[in-house]
There are 2 protein chains.
Amino acid sequence: MATLEYREEPVAKDPEHVGWLLAATGFFTPEEQKIGISLVEERLLHGLASGYLFVFMEEDGMPVGYTCYGPIPGTLDGFDLYWIAIDPKMQGRGLGRQLLGFTEKRVFGQGGKRLYAETSSTGKYLPTRVFYEHNGFVLEGRLADYYAPRDDKMLYVKQLG
Amino acid sequence: MATLEYREEPVAKDPEHVGWLLAATGFFTPEEQKIGISLVEERLLHGLASGYLFVFMEEDGMPVGYTCYGPIPGTLDGFDLYWIAIDPKMQGRGLGRQLLGFTEKRVFGQGGKRLYAETSSTGKYLPTRVFYEHNGFVLEGRLADYYAPRDDKMLYVKQLG
């Protein structure tokens, strides 16, 4: 029987694991993967002062998914969900929902009242938008042509607690 | 006759000048002033790789105002206007409009098609919102209680060119 575990303290192997997860999804460009990896490195280098918090989900010690989130500077109780990724081999088992739920509890435990997530309006990101909408996020804003022509920025928020 | 000049290459004195300008406005909290100063320091340390571009407006060699802006990573042609400040002794002469206009030309010259500015919905920021609205910015989104309860984030955009 496989055991799912959460870990929040990044270790030296995590940049590699995150790179592997982001590549495995087939979803992120090489440039996006680099940014995702760099945030783990930032955290390893600068600790909590980096502003980047993580939840690593592991099954039998192997990485299955992770979230990267953090408090939004200048706000009283807003948090950003920067990244969420699940190993595609493990998708369809509700792991993303579990990982998000655990992350939300941690945000709320740190005083967070709202969790923000941004994504694109394009077809590629339909599963992402459906995921957010099925998990209690509400579309609160939309910036036309933000990423590129006909590629809008979708601003989601979830009220916590 | 006083001479207004623009300068875009930050020099060692600029963090101090920016700190002085931000304090003089009486508008920014000490924490906000520190952030504004740190962006100039970032730029001096890391050059253009910092992502922070500046326009310093000077009259007879003295700082009168400045903008801090930069391309938005992950977007094709979006730029953020991070900061704009004018010495309060010099306000009411249209210098803010001139400084913004010069900055917009520089953004457009670097391929920017849209300039984004964010501010708060509270009464304190009414002059800021009026300034943006009088200078061609349009309110495109609003995130409720973003900064704090009853302190919404106002998302403005200006189409360039």
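This is a predicted model: local features need pLDDT of at least 70, side-chain atom pairs count only at pLDDT 80 or more; totals for chains, interfaces and linings use all residues.
Local features here need pLDDT of at least 70 and side-chain atom pairs count only at pLDDT 80 or more, while totals for chains, interfaces and linings use all residues. Residues are numbered from 1 along each chain as its sequence is written, and chains are lettered from A, with ligands numbered from 1, in the order in which they are written.

**View 1. Helix H1 of chain B and its buried face.** H1(B) covers residues 14-24; helices (H or I, at least four residues) and strands (E, at least two) are DSSP runs, numbered from the N terminus. Asp14(B), Val18(B), Leu21(B) and Leu22(B) are the buried ones here, where buried means that 20 or more other C-beta atoms, placed from the backbone, lie within 10 Å of a residue's own. Look down the helix axis and these residues fall within an arc of 95°, so they line one face of H1(B); that arc is taken from the directions from the axis to the C-beta atoms. They pack against helix H2 (30-46) and strands S2 (53-59), S3 (62-71) and S4 (78-86) of chain B. Just past the helix, Gly26(B) has a positive phi of about 70°.

**View 2. The open sheet of chain A.** Seven strands line up in the order S1-S2-S3-S4-S5-S7-S6, with mixed pairing; two strands pair if DSSP finds at least two bridges between them. At the edges sit S1(A) (4-7) and S6(A) (138-148), each pairing on one side only. Ignoring direction, neighbouring strands are turned by 25° against each other on average. H1(A) (residues 14-24) lies across S2(A), S3(A) and S4(A), at about 100° to S3(A); such angles run from 0 to 180 degrees between N-to-C directions of lines fitted to C-alpha atoms, for helices over the stretch in contact.

**View 3. Strands S6 and S7 of chain A, side by side.** Six bridges join S6(A) to S7(A) (residues 151-159), and the two run antiparallel.

**View 4. Where chain A meets chain B.** On each chain, 13 residues are in contact with the other, meaning that C-beta atoms, placed from the backbone, lie within 7 Å. S6(A) gives the largest share of chain A's side, seven residues. A rotation of 180° with 0.0 Å of shift along its axis superposes chain A on chain B (RMSD 0.0 Å), using least squares on C-alpha atoms of residues with pLDDT of at least 70 in both. That is the relation of a two-fold axis. In chain A, the C-alpha nearest the axis belongs to Gly141(A), 2.7 Å away.

How values were computed. A residue is buried if 20 or more other C-beta atoms lie within 10 Å of its own, exposed if 12 or fewer, and partly exposed in between; C-beta atoms are placed from the backbone. Two residues are in contact if their C-beta atoms, placed from the backbone, lie within 7 Å.
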